[in-house]
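Hello,

Here is the structure I said I would pass on. My notes on it follow below.

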Amino acid sequence: MSSYNNSACYSEARRVAIFGGTHGNEMSGVTLVNLWMKNSAEVQRKRVETKPFITNPKAVEKCTRYVDTDLNRAFTPENLSAPGGDDLPYEVQRAQEINRIFGPKGSPEAYDVIFDLHNTTSNMGCTLILESSKDHFNLQMMNYIKKAIAPASCLVLLNEHPLLKYSTSRSVAKHPVGLEVGPQPQGVLRSNIFEAMRVILKHALDFIELFNEGMEFPPCTVEVFRVSERIDYPRDANGNIIAMVHPNLQDGDWEPLNPGDPMFQTFDGKTIHYQGSGTVYPTFINEAAYYEKQQAFVTTRRETLVASAIRKA
Amino acid sequence: MEVDEVVCLPRLSRVAVCGGTHGNELSGVYLVRELLKEEKKVKEKEDEEEPVAVLMVLSNPRAMQQCRRYVDTDLNRCFTHATLNGPMSDTVPYEMIRARELNAMLGPKGSPEAVDLVCDLHNTTANMGLCFIAYSDCDWICLHIFRHLQRQMPDIPMRYIHFDVSSKESYSLDSVGKHGFAMEIGPQPHGVVRSNIYTAMKVGVQHMLDWVRFFNSGTIFEGGFVDVFTMVKHIDYPRDSETHNITAAIHPQLQDRDFCLLHPGDALFQTFSGETVRYKGSEPLYPFFINECAYYEKGIALSLARKKHVMIPSIRVRTGQEQEANEQGFASEEEE
């Protein structure tokens, strides 16, 4: 990337991948990618090579999130360079394989864009996940998508937190884009959720096509929700959960949570209140997969990012 | 049956409340854990004379620990007489061993030692509200409990589902007791506990146990009518003939519309290329278990039921005298 005035130049986004089944029981992505592997006409664009890909086939076959370890946390430098071949956990082997095909992570040979398709049991609607506030290409893409689907909404979650950030499958690419659509139970395919994800991808690929054809995108602002804190369930001395997400908070993703608002309800009916210092925007509320990761929800703070104008180099 | 006839039934001395039969259906898991904690506290306080013995059971601890429906095989299909009593091979699925343990604890199924009532707690991803699922449409105990819950919890949509399966072929945990039903509440994703669903289950179980105590103490429960949904058939997803993968999803017009009458010609599925597949049956039926996660592998996209109005008689508990007379009657019959 190079800068001239306030315009950032990026090389043409020639190689694009669409990942499904990073979690084997998140069905929209599994279904879409299987569909496109059979017939990829829908995702082809001029000047773009689009590769749909099932990242965790064993987990997909068992309709489970993962077999040995969470693939979407596995792309750490240690894992990617670990020796041991077949003795390594399945997902670490997969991470190395994916890094070979679509990376290497951090190198000039890496894929330009990877879309990683996910579902959540949380009431998050359509969410785009951004890993860097300085990726103007991604910011412009997200701005384009938001405008294209309006008045329907698509929010942007920014996870740049030094401790809470994690090594995702998509992080192998120069421009990683997470797509999270909910609510949908694990192992279930809901028609409306499936179609919503399909539409977002369509607009994302349109953006890339326009960009590659030479269109210049003027500066814009993008509202994002920046990950701030992970909140666990209240637990007893043995680590067992002793309360549930409060009915007032359940399904309240992206709505303001103020100090003093109900947060959890114990199994015998008592309310536990949010004790933070200011208003936050909770999301990933009651995501099934996060019980074992000690996360009832994450708090975010609203922020407006400025994206430079971009054009192809 | 006479209009004012009161049917007398034996007291319900032992009731079992079971959670975690499917390890990822979390309302029941957390509720039974909570009830076990409370029970411990009560026992520590004083020695109460409990007219009803309530057994709280976590049915499938290994599946619960892994937060999965089952480890080797579905526990809630392991309770047929054949599976419980047949020969065991060398490699026995965990759930079959567990089924035999549960049968010894709560049964044996079909014998006089079996518990009087089994209430097995379940969740579904389908938008079914609170459902009783039972093998009988003339088990007056289960039907009266259902009616009691309907009256005590008017804000919760409630239905009684009947699977017309003979006692010999009955396969689920609730068939182990002399009376039994599954309490199925949705929608809730597997692996998640939603507070509103948990609370409905907790309140439902409480009302059930209250009813049992009222019944045992001699209350007469007046008869009346209950709507019963009898399962007629299942419909599978359209599938690819080679890979067997599904090629369509439940249509948006059907999704979440459990118990809304489905007419011939109504939308059932939407293929991935956007076409609508319609219901081709000749009879309007009531759909339920629409898009239940666990049923994809069982080849069920939705189930269909016929609704009927069932007349239930007034009932009360048999007195001690009536119980003796009943037993003597049997004895003299045997002598003859």
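In chain B, the unreviewed UniProt entry annotates His22(B), Glu25(B) and His122(B) as "binding site". These residues span 101 residues in sequence, yet no two of their C-alpha atoms are more than 7.4 Å apart, so they gather at one spot. His22(B) sits in the loop that runs between strand S2 (14–19) and helix H1 (26–45) of chain B. Please keep in mind that this is a predicted model.

Next, the helix pairs.

In chain B, helix H5 (residues 140–152) packs against H6(B) at an angle of about 125°, and their axes are 9 Å apart. The two helices are therefore oblique to each other. H5(B) passes H6(B) in a right-handed crossing. On the H5(B) side the residues involved are Ile141(B), His144(B), Ile145(B), His148(B), Leu149(B) and Gln152(B); they meet Gly204(B), His207(B), Met208(B), Trp211(B), Phe214(B) and Phe215(B) in H6(B). By type, the residues of this contact comprise seven nonpolar, five polar and no charged.

H6(B) covers residues 195–216, and at 1.5 Å a residue its 22 residues should span 32 Å; the C-alpha atoms at its ends are 32 Å apart, which agrees. After H6(B) comes Gly218(B), with a positive phi near 105°.

In chain A, helix H5 (residues 136–149) and helix H6 (residues 191–212) pack at an angle of about 125°, with 9 Å between their axes. That angle makes H5(A) oblique to H6(A). Their crossing is right-handed. Residues of H5(A) in the contact include Phe137(A), Met141(A), Tyr144(A) and Ile149(A), and among those of H6(A) are Val199(A), His203(A), Asp206(A) and Phe211(A). The residues of this contact divide into 13 nonpolar, two polar and one charged.

Last, some backbone points to look at. Most residues other than glycine have a negative phi, and most peptide bonds are trans.

- Ala150(A) is joined to Pro151(A) by a cis peptide bond, with omega near 5°. Pro151(A) lies in the loop between H5 and strand S7 (154–158) of chain A.
- The bond between Gly107(B) and Pro108(B) is a cis peptide bond, with omega about 5°. Pro108(B) lies in the loop between helix H4 (94–106) and strand S4 (117–123) of chain B.
- Trp254(A) is not a glycine, but its phi is positive, at about 75°. Trp254(A) is in the loop between strand S10 (243–245) and strand S11 (262–266) of chain A.

Regards

Conventions:
Residues are numbered from 1 along each chain as its sequence is written. Chains are lettered from A and ligands numbered from 1 in the order in which they are written. This is a predicted model: local features need pLDDT of at least 70, side-chain atom pairs count only at pLDDT 80 or more; totals for chains, interfaces and linings use all residues. Side-chain values use heavy atoms; hydrogens and water are left out. Helices (H or I, at least four residues) and strands (E, at least two) are DSSP runs, numbered from the N terminus. The expected span of a helix is 1.5 Å times one less than its number of residues. Axes are lines fitted to C-alpha atoms, for helices over the stretch in contact, and angles run from 0 to 180 degrees between N-to-C directions. Angles under 35 degrees count as roughly parallel, over 145 as roughly antiparallel, 65 to 115 as roughly perpendicular and the rest as oblique. A crossing is left-handed if the near helix is turned anticlockwise from the far one by less than a right angle, and right-handed if clockwise. Contact means heavy atoms within 4.5 Å. Ala, Val, Leu, Ile, Met, Phe, Trp, Tyr, Cys and Pro count as nonpolar, Asp, Glu, Lys and Arg as charged, and the others, Gly among them, as polar. UniProt positions are given in the numbering used here, feature names are shortened, and annotations may be inferred rather than shown by experiment.
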